Amino acid sequence: MSQLRMGIIGVGGIAQNRHIPTFLKMQEKVKITAISDVNEETARMVGEKFGIANVHAHYADMFEHVDAVTICTPNKFHAEITIAALEAGLHVFCEKPMAMRPDECEAMIAAAEKSGKQLAIAYHYRFMKESVAAKRLVDADEIGRPIVARAKGMRRRKVPGWGVFTNKELQGGGSLIDYGCHLLDLSLWLLGNPKPVEVMGTTYNELSKIPGQVNQWGSFDHETFEVDDHVTAYIKFEGGASLQFETSWSANVKGDEESVSISGISGGVDLFPFHVNQMKHGMLLNTEADWVPGEDDPSLPQAENFVNSCLGHEELIVKPQQAMQVSLIIDAIYRSSESGKSVSL
């Protein structure tokens, strides 16, 4: 196979703004041959917009026309569609998070292993050029053994006021499962994907329940808001490493902030912005990179990695077993907040 036939399942914002345009840039390796959406009118409109003639209301109807699918549906349907596609002999690229619950992740992995097909999860923060540079430094032992990570993803009054982001039944949660999952995945990857053993977490949704909301990303009903909009957690890993974590859609902070910091035995690396802090030659050295190679938009290297893995040219960077660890932590944070106690894994 020299060109992968791709199908897109769910043609909302993430499909139209990221995945479809990205695959169209890679037409020597991949061709979008079919799309589907439960809203057939929307699917036909998107098909006309991007020149895709094969349009379906039900995802299974496209299976005979594709070699792989990209799943961009609400979280509730990730596991069901992934398993159906794998059982049909297709490769699967599934939007994050992997699924609503850890047991669904396990079923997805089992289906992938049985089918022998690729299963990738769209944690695109790993493909940011700063992330790739940091991983290269950590793997080269520039900071010694990583022991403490700090991850923060804070937005000021930016609850997504479109789609189903605030629907708990369809999404499983709010800022944690939608946004914070990226920072969790990136932190685990830089730490070397250690096994989480204990999680203490607290979730909040009081901010978005207050009348008279000021929100920069559309509007939502504060009376029916039912998901988390601010989350804190502390995670301990096998081997002794730990992670301090905070994320929010609605924080009362001066401005948006994204940061990931990894402290090792002999140095540290910070992302966003990227710099390295070391103890060397009797000195404390701080290093900034004048230039970091890579794409400014991580969508392209992410898509290339999936397509190349399906074509047998390279390994997946985001492996499903690793994505399941993120879902385990998310589930444990929610359970810890509900019980008021730490959760052992």
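Buried means under 20% relative accessible area, exposed over 50%, and partly exposed in between, with a 1.4 Å probe and protein chains only. The model is predicted, so local features need pLDDT of at least 70 and side-chain atom pairs count only at pLDDT 80 or more, whereas totals for chains, interfaces and linings use all residues. Residues are numbered from 1 along each chain as its sequence is written, and side-chain values use heavy atoms, with hydrogens and water left out.

**Figure 1. Overview of the protein chain, with its 9 helices and 15 strands.** Helices (H or I, at least four residues) and strands (E, at least two) are DSSP runs, numbered from the N terminus. The radius of gyration, taken over C-alpha atoms and compared with a globule rule of 2.2 Å times the number of residues to the power 0.38, is 20 Å for the protein chain, close to the 20 Å that the rule gives for 345 residues, so the chain is as compact as a globular protein of that length. The C-alpha trace spans about 65 × 50 × 35 Å along its principal axes, and 52% of the 345 residues count as buried. Where contact means heavy atoms within 4.5 Å, 73% of the contacts between residues at least 6 apart in sequence join residues at least 24 apart.

Figure 2. Leaving aside neighbours within four places in sequence, the residues in contact with lysine 96 include Asn75, His78, Tyr123, Asp178 and His182. A cis peptide bond, with omega about -10°, joins lysine 96 to proline 97, and proline 97 likewise has its place in the loop between E5 and H4.

**Figure 3. The cis peptide bond from phenylalanine 272 to proline 273.** Omega is near 5° for this bond, and proline 273 is placed in the loop between strand E12 (267-271) and strand E13 (275-280).

**Figure 4. Lysine 135 in helix H5 (residues 129-139), and aspartate 141 in the loop between H5 and strand E7 (146-154).** Lysine 135 counts as buried because its relative accessibility is 13%, and, not counting residues up to four places away in sequence, it touches Trp189, Leu190 and Gly192. Aspartate 141, by contrast, counts as exposed at 54% relative accessibility, and has a positive phi of about 65° although it is not a glycine.

**Figure 5. Asparagine 193 in the loop between helix H7 (175-191) and strand E8 (196-204).** Although it is not a glycine, asparagine 193 has a positive phi of about 55°. With a relative accessible area of 26%, asparagine 193 is partly exposed.

**Figure 6. Leucine 311 in the loop between helix H8 (299-310) and helix H9 (320-339).** Leucine 311 is buried, its relative accessible area being 14%.
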